[in-house]
Amino acid sequence: MNINLPHFNMKNLVKEAGSTISRVVQLTEEKLGTTERTEYDLHFQNLAERADVTKTWTEKLVKDTESVLIPNPQNRVEDYIFEKIEKSKPKRLSNLEHLALDMIEAGGDFGQDLPYGQALIKVGQAEQKLGQCEHDFIATSGICFTQPLRKFLEGEMKTISKERGILDTKRLDLDACKNRVKKARSMLGQQSAERDLRVAQAEFDRQSEITKLLLDGISTSQASHLRHLHAFIQTQVRYYKQCGDVMEQLQRELAKMQHPKPRLRINSEDVDVGGPPSSVSMHSCDSDSLVGVALYSDSEIDKSLTNLLEDFNIEFDPTAISTVIFVTECSPVNEDYMYAKQGLMKGLVPRAFVEMLDEEHDVTL
């Protein structure tokens, strides 16, 4: 059986290994300061420093923006893998959409004809709209901001890093040629070393110009990034406006729904005990006072009436079934409320909880 083994050129392997070792030694000597080093000009150093800063901060901005758009790191990794294999990303329900589904299902179980069930369904539908707005915002932000920045990092910045690496190699070759010229002892060796130096210098200068052109292009890239940033802000403004519109519509729909008034059972009859209307003023009352009894009883009215009397500042004895108060008609007369006073306390009380006393009763407050 014939086995095709890969063909190795041992001379090239030995040559490359020797070159790598010599460069490592040369870099070590440069750090120790025992050999000369060709320095880049000040303009090139500024361009290189700006490129490093741009790369570092762009990577952070992309990472932070993706964390805001997709908080779950596992989902971010999954999306990145699908993007690399050029397949469509899986569709996931957001937390808002999960909440929306549960609200709609709960509203159906509680009863669509009941106020609470209706409200849950409406809120769930609004949350679904918010979830769709969120999906659109994430997709648009990726297209207009994070993807262009990532493409810059994976394209232009990688090219710049590659060319800078080649330039560093050319600089090491140039410095090595300079050292050989200094160490040449014979005339023939001197001429050969100078010829190698001229070639190394030309290659270094050419690579330096190529790298400078690429570094200068970062200014143009940053102008493009500024446009992408504006597009991202416009996307955010549109997203938050859509969310605000959805919530305002939800508020209007909930306001239209009839909220049931609390009801108490008094003498086998259901009585509405809603708060006093805003049109009734406690200070617009007739001067003629009548005497009435505010009725309450745990057995007949339950604790809701007790709390209601407390809200209206009516003092009462929990062991009794009533308390005596002064009452007057309000002006204009209100069908549901009367003005009440007991000692220094006064307020509006529901007419249904007051029983008028005859004049023959002797009342002391």
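Predicted model: local features only at pLDDT ≥ 70, side-chain atom pairs only at ≥ 80, totals over all residues.

Visitor: What percentage of the contacts between residues at least 6 apart in sequence join residues at least 24 apart?

Guide: The protein has 365 residues, of which 30% are buried. When contacts between residues at least 6 apart in sequence are considered, the share that joins residues at least 24 apart is 69%.

Visitor: How many Å lie between the end C-alpha atoms of helix H2?

Guide: Helix H2 runs over residues 42-69 and has 28 residues, so at 1.5 Å a residue it should span 40 Å.

Visitor: Which residue caps the N-terminal end of H2, and which helices are included in what covers its buried residues?

Guide: At the N-terminal end of H2, a side-chain oxygen lies 3.1 Å from the backbone nitrogen of histidine 43, and the residue that provides this cap is aspartate 41. The buried residues of H2 include Phe44, Leu47, Val62 and Leu69. What covers the buried residues of H2 includes H5 and H6.

Visitor: Why are the buried residues of helix H4 on the same side, and which helix do they pack against?

Guide: Helix H4, residues 95-110, reaches 22 Å from its first C-alpha to its last, close to the 22 Å expected. Its buried residues are Glu97, Ala100, Met103 and Gly107. They cover an arc of only 120° around the axis, and this is why they are on the same side of H4. The helix that these buried residues pack against is H5.

Visitor: Which exposed residues does the opposite face of H4 carry, and which residue follows the helix?

Guide: The face of H4 turned away from the buried side carries the exposed residues Asn95, Glu105 and Asp109. After H4 comes a residue whose phi is positive, near 120°, and that residue is glycine 111.

Visitor: What kind of aromatic pair do tyrosine 40 and phenylalanine 44 form?

Guide: The structure holds seven aromatic pairs. In the pair of tyrosine 40 and phenylalanine 44, the ring centres are 4.7 Å apart and the planes stand at 35°, so the pair is tilted. Both tyrosine 40 and phenylalanine 44 are buried.

Visitor: How many residues apart in sequence are the parts that phenylalanine 137 and phenylalanine 232 tie together?

Guide: Phenylalanine 137 and phenylalanine 232 form a stacked pair, 6.4 Å centre to centre with 25° between the planes, and both residues are buried. They also belong to one aromatic cluster, together with Phe145, Tyr239 and Tyr240. Because phenylalanine 137 lies in helix H5 and phenylalanine 232 in helix H6, the pair ties together parts whose separation in sequence is 95 residues.

Visitor: Over the ring of which residue does the charged end of lysine 60 sit?

Guide: The charged end of lysine 60 is placed 4.7 Å from the centre of a ring. The residue that carries this ring is tryptophan 57.

Visitor: Is glutamine 207 buried or exposed, and which side chain does it join in a polar contact?

Guide: Glutamine 207 has its place in helix H6, residues 187-256. Its relative accessible area is 8%, and because buried means under 20%, glutamine 207 is buried. Not counting residues up to four places away in sequence, glutamine 207 touches Glu163, Ile166, Leu167 and Lys170. The polar contact of 2.6 Å joins its side chain to that of glutamate 163.

Visitor: How far apart in space are lysine 170 and glutamate 203?

Guide: Lysine 170 lies in helix H5 and is partly exposed, with a relative accessible area of 23%. Leaving aside residues up to four places away in sequence, lysine 170 touches Glu203, Phe204 and Gln207. Lysine 170 and glutamate 203 are 33 residues apart in sequence, while their C-alpha atoms are separated in space by 6.8 Å.

Definitions and conventions
Residues numbered from 1 in each chain as written. Heavy atoms only, no water. Helix = DSSP H or I, 4+ residues; strand = E, 2+ residues; numbered from the N terminus. Expected span 1.5 Å × (residues − 1). Buried < 20%, exposed > 50% of the residue type's maximum accessible area, 1.4 Å probe, protein only. Arc of directions from axis to C-beta. Contact = heavy atoms within 4.5 Å. Polar contact = N/O pair within 3.5 Å; in protein donor to acceptor, adjacent residues only side chain to side chain. Phe/Tyr/Trp six-rings, centres within 6.5 Å; stacked < 30°, edge-to-face > 60°. Lys NZ or Arg CZ within 6 Å of the ring centre and 35° of its normal.
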